[in-house]
Amino acid sequence: MGEASVSLAEGTALFYYNSAGLGKVSEEITFSRANLYQEISQNSISGIFSLTNKVFTGVCIDYLDFGQEDKRNDIGKLIGTFRNYAFVLNNAYGVEIAQN
């Protein structure tokens, strides 16, 4: 099966690794902050909510701050600084179809 793999994730980590597992999770909200490298940081809020007893949805909002960067003109002269940000919205949906 050449490099096939499976993943096991619990809680709000399901968004990134195995969103099919949403049907097996109780409701949960998670806040996190990670300093990734130098001035680069990631802030995240994630939540898993039940719509019915077998239908679940999850929402994750990530805010990435890439820190302060130099702004330069065409010849490389420093003309100021700026900050670069990114927002990511992730949504997942899961239905429990059978119990183990």
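This is a predicted model: local features need pLDDT of at least 70, side-chain atom pairs count only at pLDDT 80 or more; totals for chains, interfaces and linings use all residues.
Let me start at Ser-46, which stands opposite Cys-60 in strand 3, where a strand is a DSSP run of E with at least two residues, numbered from the N terminus.

Residues are numbered from 1 along each chain as its sequence is written, and side-chain values use heavy atoms, with hydrogens and water left out.

Now the sheet: it is open, has four strands in the order 1-2-3-4, and its pairing is antiparallel, two strands being counted as paired if DSSP finds at least two bridges between them. Strand 1 and strand 4 stand at the edges with a single partner strand each, so one side of each has no neighbour in the sheet. Strand 2 and strand 3 are joined by 10 bridges, and strand 3, residues 55–72, pairs with strand 4, residues 78–95, over 16 bridges. The hairpin of strand 3 and strand 4 has five residues between the strands, and there Gly-76 takes a positive phi near 90°.

What ties strand 3 to strand 4 through side chains? Asp-65 forms a salt bridge with Arg-83, with the closest N and O atoms 2.9 Å apart; the term means a side-chain nitrogen of Lys or Arg within 4 Å of a carboxyl oxygen of Asp or Glu. Asp-65 lies in strand 3 and Arg-83 in strand 4, so the pair ties together parts that are 18 residues apart in sequence. Asp-65 is buried at 11% relative accessible area, whereas Arg-83 is partly exposed at 38%; buried means under 20%, exposed over 50%, and partly exposed in between, with a 1.4 Å probe and protein chains only. The structure holds two salt bridges, and Asp-70 and Arg-72 also meet in one, at 3.3 Å from N to O.

Finally, two residues with opposite surroundings. Leu-89, by contrast, has its place in strand 4 and is exposed, at 64% relative accessible area.
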